[in-house]
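Please look over the model below before reading on. The paragraphs that follow begin with the whole chain and then turn to single places in it.

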Amino acid sequence: GSTLGQPVTVLVSSGLEAGFESLFVFTKVEYASSFQSLNFSLLANQGRVVLLEYGNGLKNWLTSNQSLVRPGVSGAVVVNCNPFTNGHRFLIESAARQVDNLFVFVVKEDRSVFPFDVRFRLVQDGLRDLGNVVILDTSRYLVSGATFPTYFLKKNDPVAQIQMELDITLFASRIAPFFGITRRFAGSEPNCLLTNAYNDTMKRLLPVFGLEFVVVERKQAVAGVISASRVRELLAQNAVSKLAEYVPPTTLAYLTSDDASSIRETLQHPVSA
């Protein structure tokens, strides 16, 4: 208790002064109550490790989305969309047919080639015709620098496994019940080991919370699997004519626009580390 209090209080005040809206702590289960006595809220308990947040950020984020809650069977998809492809479209369309409402959570963390506001807009533009789809951002509570930072490093290690379990537990225990979500959909993952491990973890953990996990077989283009990484490769090669097979017209219009010139430039001339 008190031994922890002083340094944590100092860290919290300097974090808030530095302009961080939310402060997160990963710690062992046995330290959770000490942090809770210092105004941290428990977000998720993985069994050995807990994730806590200073203040009421999660509660406030959920409350701010209260108007989006709908009656009926609700499902969820969590996507980064770096950028939005025909693969994302296929996954979301397939999922939307299986539920009354589909919540599409777009990863807010800005660690991708395409910035969040662009990714979000391309998702909106690419799904306008689907009436039962609700698009919102993940804030700091799904696949974020707080819940699952190694996602962005693409490292599949024991730490990543713990983070995945925390991320999925937070979704299943706090976010899904709020929105009335009973199913989570994901595309099959032939290429990325980390995403594959994340899918396996959802398959194992979601049913523990009474949620169903549904895998949608990934859409293939004539040239192979449709993935955002393939789209980025084609942009890097300036192979614009090949893009139409991989992305919807709304994404294509953006990728070939002046607005995207700096992104094309970045992909075509990567700065070597």
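The accessible surface of the chain comes to about 13100 Å², and carbon and sulfur atoms account for 53% of that area; such areas are calculated by the Shrake-Rupley method with a 1.4 Å probe, and for residues only the protein chains shown count as cover. This is a predicted model, in which local features need pLDDT of at least 70 and side-chain atom pairs count only at pLDDT 80 or more, while totals for chains, interfaces and linings use all residues. Residues are numbered from 1 along each chain as its sequence is written, and side-chain values use heavy atoms, with hydrogens and water left out.

Of the 273 residues, 50% count as buried, where buried means under 20% relative accessible area, exposed means over 50%, and partly exposed covers what lies in between, with a 1.4 Å probe and protein chains only. Ten helices and ten strands make up the secondary structure counted in the chain; these are DSSP runs numbered from the N terminus, a helix being H or I over at least four residues and a strand being E over at least two. The radius of gyration is 20 Å, close to the 19 Å that the globule rule gives for 273 residues, so the chain is as compact as a globular protein of that length. That radius is taken over C-alpha atoms, and the globule rule is 2.2 Å times the number of residues to the power 0.38. Along the principal axes, the C-alpha atoms fill a box of roughly 65 × 45 × 35 Å.

Among contacts between residues at least 6 apart in sequence, 70% join residues at least 24 apart. The chain also carries 25 positive and 24 negative side chains, and the centres of the two sets lie 3 Å apart. In that count Lys and Arg are positive and Asp and Glu are negative, whereas His and the chain ends are not counted; the place of each charge is taken as NZ of Lys, CZ of Arg, CG of Asp or CD of Glu.

P7 and E17 are ten residues apart in sequence, and their C-alpha atoms are 15 Å apart in space.

L51, by contrast, is buried, with a relative accessible area of 0%, and belongs to strand β3, residues 49–54. Not counting residues up to four places away in sequence, L51 touches a set of residues that includes F24, V25, F26, L43, A146 and L166. The C-alpha atom of L51 is separated by 31 Å from that of L122, a residue 71 places away along the chain.

Further along, the loop between β4 (74–79) and α4 holds P83, and the peptide bond joining N82 and P83 is cis, with omega of about 5 degrees. T85 then caps the N-terminal end of α4, since one of its side-chain oxygens lies 3.0 Å from the backbone nitrogen of G87; a polar contact is a pair of N or O atoms within 3.5 Å, and within protein one must be able to donate a hydrogen and the other to accept it, with residues adjacent in sequence counting only if both atoms are side-chain atoms. Helix α4 (residues 86–96) is mostly covered, nine of its eleven residues being buried, among them H88, R89, L91 and I92.

The loop between β6 (133–137) and α6 (158–179) contains S144, which counts as buried because its relative accessibility is 0%. A polar atom of the S144 side chain lies 3.0 Å from the backbone nitrogen of A146, and, leaving out residues up to four places away in sequence, S144 touches E109, S139, P149 and F152. S139 lies in the loop between β6 and α6 and has a positive phi of about 50 degrees although it is not a glycine; S139 is buried, at 11% relative accessible area. V143 also has a positive phi, of about 40 degrees, without being a glycine, and V143 is buried at 5%.

Helix α6 itself includes T169, which is buried with a relative accessible area of 8%. Apart from its neighbours within four places in sequence, T169 is in contact with A44, N45, R174, L205 and F209.

Key: Contact means heavy atoms within 4.5 Å.
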